[in-house]
Amino acid sequence: MRRDITTATADISAAEAAVLISKSRQKCIIITAGGFPAGLLTAADICAVVAQGHHPLPTTIADIPLSPVTTLPADTPCHQIADLPGQDSQYIVVDQQNMAIGLIDQATLCQLHKANTEARLAEQQQELRQLTSYMQKKDQLDHIISHIPVVHYACRYQSGSFIPYYVSANIETLFGYTATDYMENGTWWQSILHPDDVEHVLKRFGEAMLAGQHEFSHEYRIRKKGGSLVWIRDDVNLVHNQAGALTEIIGSWLDISEQKLRQYEFESVVEASFDALIVHRHGIILFANKAALHLIGARSTAEIIGTPIQRYLHPDDYTRAIERLQSLTPGGAPLPPTVERYLRLDGDTIEVEVSTALFQYNGEAAFLSAGRDISERKQAELLLKRSEEKFRTIIDASPVALAVSDCHQHITLLNRAFVDLFGYTQDDIPSLQHWWPLAYPDPAYRRQVEQSWQAAIASIHQRTAGHTPMEFRVTCKDGTIRDIQFIVTAMGESCLTIMNDLTARKQAENLARKMLQAIEQAGESILMTDAAGIIEYVNPAFSELTGYSCHEAVGQTLAMLQLHDQNSPLFEQMWNTISHGETWSDKANEYARDGHPIPVMLTISPVRNESGIITSYVGIQQDLSAYESLEQQFHQAQKMEAIGTLVGGIAHDFNNMLAGITGNLFLVRHRLEDHPQALEKLANVEELTFRASDMIRQLLTYARRDKVSMRVLPLAPFIKETLKFLRTVIPENIELHQYISLEHIMIHGDGTQLHQVLMNLINNARDALEEIENPIISVRLELFQPDHSFIKKHRYFREGSYARLIIADNGAGIAAEHLPHIFEPFFTTKELGKGTGLGLAMVYGAIKTHRGFIEVTSNSESGTHFDIYLPALTPETGTTGLPTADKMICGHGETILLADDEAQILQTGKAVLKSLGYQVLTAVNGKEAVELFCLHADTIALCMLDIVMPVMGGDAAAEKIRAIRPDMPVIFVSGYDKLTHTDTSSETILAKPCPVTLMSREIHQALHPQQDEPQA
């Protein structure tokens, strides 16, 4: 259309009109009347007037016939104009006010119509192609959605009501409902909610709507078509218009029942843990179990979840605790246990043994701290908490990673979940050839994955398999390795791959498996019962402890262990405690399968299901047999320590008095050699004196304060020689039966102590056989090898060989009420004056010194049996020599310096030495002895010094004397036991009282170390 038109009114002259036409590019002008088109004047019209003989031309245009006028509105469709008659016609185009705005001819209109028709045809073809592509993509999208284990839904929100308009077809596969069920009623979904979850779900929706949230997730239960309940996670997207009003709700439902079941099973297992378990990340507590709440003093998890862990650490321990946490590395070993101080909510400070490990918790690194109250050994339970993923759209925000590849192995689709999971974008992996080396950097493993992948693809396209699950370990972009399940299905010429992240599940399964293995391999007995107390599971330690196999125990109750009378207060207290959801713990006595009693510490804890209902109980039994034995030994050691303290305090003074007595007896006997009757009485007094000394020595031996000389000792010849000596104190009417093994039984022992053991036991047996017909004492020595059953009943034994010495009599036996006390010091049932009550106490102490054990059985019918077990050595050659008879050795006028703080001992000692032929200088303390030595250093041949003296002791005096004469021989004398003087352990020490014959021999040996003893 030409818009450069020329218009003129009807009153212009024909000549002016001709000029305008000649200048017009249209070769015509539009004649208007009142502003509206009235006609069209062309050059042909002017020529026609001239041809008719009108010359000159008419004065005005009004006198000239005009070409007919046709006007067209500007919005007339081209195809209507093209149908007008006359191919050469021209039309005036007018606007809405009928004013001329252009000029167009029929030919131009036809060309425009043709071009417009072709353009419309092209547009229709493009729309058809777009529609075809859209339908293909819609089919593809529907196919993808149908293979995702997630139900997608959408509804409009109008006037407070939900109007559903879309739900994915897999709702019927996953939950049993049809799309019609969902679409026909906006409140249908509320009817399938679990009654206990309705309020929570509606409240969560209301909170999100009021807060203007765009997306949120929550979990609840729904009822499937068949009536069964399932847990789902609902990921909701709220769509708002420009004004901020809610218009649509788009979301997805994911079945998480299996995850909930695993979480419940895992929680049930860890509920029995003794340790308090706390998971924290960045210093914030994520969750804690009941044992942790009890440890900290919290009533509920709400009090501590989300609070900083620094709040519960003692300020002085916080820095060290943080440094320890920073030393942990992923995959590294847990920190060794350490003791840290924790602050309870009630203000108390407790010491907790804590071990911490770094592990993956809900996909992120976190610290797992296991704590145990050292004083009470708290039990702990670990509670796992899962976070929820967010979604962008129905497909792109799906929690499942998706990838689509074509027949040329080009990757055509990766959703956001894929990128979030692996870190790779489509630019990183445009094809599978780019994916393989990134996801599987190990060549050998990559070949294995590719072979499995190609086999799966081939089977899918050959229709020999549908969904083909495969599991591979994928290396993500950040270097982490994840366990992924791949489900591949054909989608036309392409393949849809659905990827599920199994890392967390495998970690949970691995942790659950480890915990189950820990229970199976635990040293404590563990059993689980149902809510009625029927045993459902026992671990191997239970069978080891009780003798009942798992098959025998399952289906029984705790009554099989005869724990308590069903009507006892303790049994009632136990059931009241655990039935109220609390843990019960106390000592108990149960009976094994063979009938022997077992003392245990029994702890029973309830296990609740997801609804908080107690469904079972878990019990842990700790064998206290060894602990009770150790407790008894501890009490006995305390008694021994008390006696040792007492004996150590009186031994010095008592031995000094005995030394004075024996010295004076020697002097009197020396003067009364011609009075045999007096000598006999004096010999009796001397014997009583040394018996008193032996009693002190027994007390010291019992208290383990006397010197013990351990050496390799062949036991059989030693027993024979000792019995030969003891036969003299056994009345002739008592038979002594010996059963000595011919084996070379060797032990590491002290002959003096073992001699006293045999003497005390033989004497006790002799006393028990008074007024018994056919009295018999039997002594048996044999090599004993304890087996597994013996060690199980006698837990203080260890594997290895023992020398077993049995001393038995056929007397009246020991009363049952006396048996527990026979090894106590000063306990005796003999008449006054016949026993000190130290014999068996010394026996007990001597056997313990030899790392052995002693057991006693007694009854009125068979008498008393003492079984002694001593650790045996590999037999070695050697014999035990017998002591030679003592003989007196006199001096030849040598000078001896004698020092003692007791005046009577000093005078008696001086007299005895003079009677032996020596010259004597005396001093009352070490200082005076040193001063005397300085005056007579050239004449003194020997120093005899009491070790313990006022002002200066004998050891210090000897040091100063030897500073003057290094070769000066010194004999130390002491009323204390020898082991307490370690500084003089290499010196000659005579214990008070000392026989004069022994003293004379020691003096001779000190004065003449290179000479043999003179012959008698």
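Contact is taken as heavy atoms within 4.5 Å. Axes are lines fitted to C-alpha atoms, for helices over the stretch in contact, and angles between N-to-C directions run from 0 to 180 degrees. Helices (H or I, at least four residues) and strands (E, at least two) are DSSP runs numbered from the N terminus. The model is predicted, so that local features need pLDDT of at least 70 and side-chain atom pairs count only at pLDDT 80 or more, whereas totals for chains, interfaces and linings use all residues. Residues are numbered from 1 along each chain as its sequence is written, and side-chain values use heavy atoms, with hydrogens and water left out.

Helix α8 lies across β7 (150-158), β9, β10 and β11, and runs at about 160° to β9. These strands belong to an open sheet of five, in the order β8-β7-β11-β10-β9, with antiparallel pairing; two strands pair if DSSP finds at least two bridges between them. The edges are formed by β8 (161-167) and β9, each with a single partner strand, so one side of each has no neighbour in the sheet. Neighbouring strands of the sheet are turned by 30° against each other on average, direction ignored. Between β9 and β10 the antiparallel pairing extends over nine bridges, and Glu-215 has Asn-237 in β10 as its bridge partner.

Asp-197, Val-201, Arg-204, Phe-205 and Ala-208 of α8 are buried. They cover an arc of only 95° around the axis, which puts them on the same side of α8; the arc is that of the directions from the helix axis to the C-beta atoms. Buried means under 20% relative accessible area, exposed over 50% and partly exposed in between (1.4 Å probe, protein chains only). The buried residues pack against α7 (188-191), β9 (215-223), β10 (229-240) and β11 (246-255). The face of α8 turned away from the buried side carries the exposed residues Pro-195, Glu-199, Lys-203 and Leu-210. Just after α8, Gly-212 takes a positive phi of about 70°.

Elsewhere, Glu-450 lies in helix α14 (residues 443-461) and is partly exposed, with a relative accessible area of 26%. With a disulfide defined as a pair of cysteine sulfur atoms within 2.5 Å, the count comes to zero. The sulfur of Cys-407 is 9.1 Å from the closest cysteine sulfur, in Cys-495, too far for a bond.
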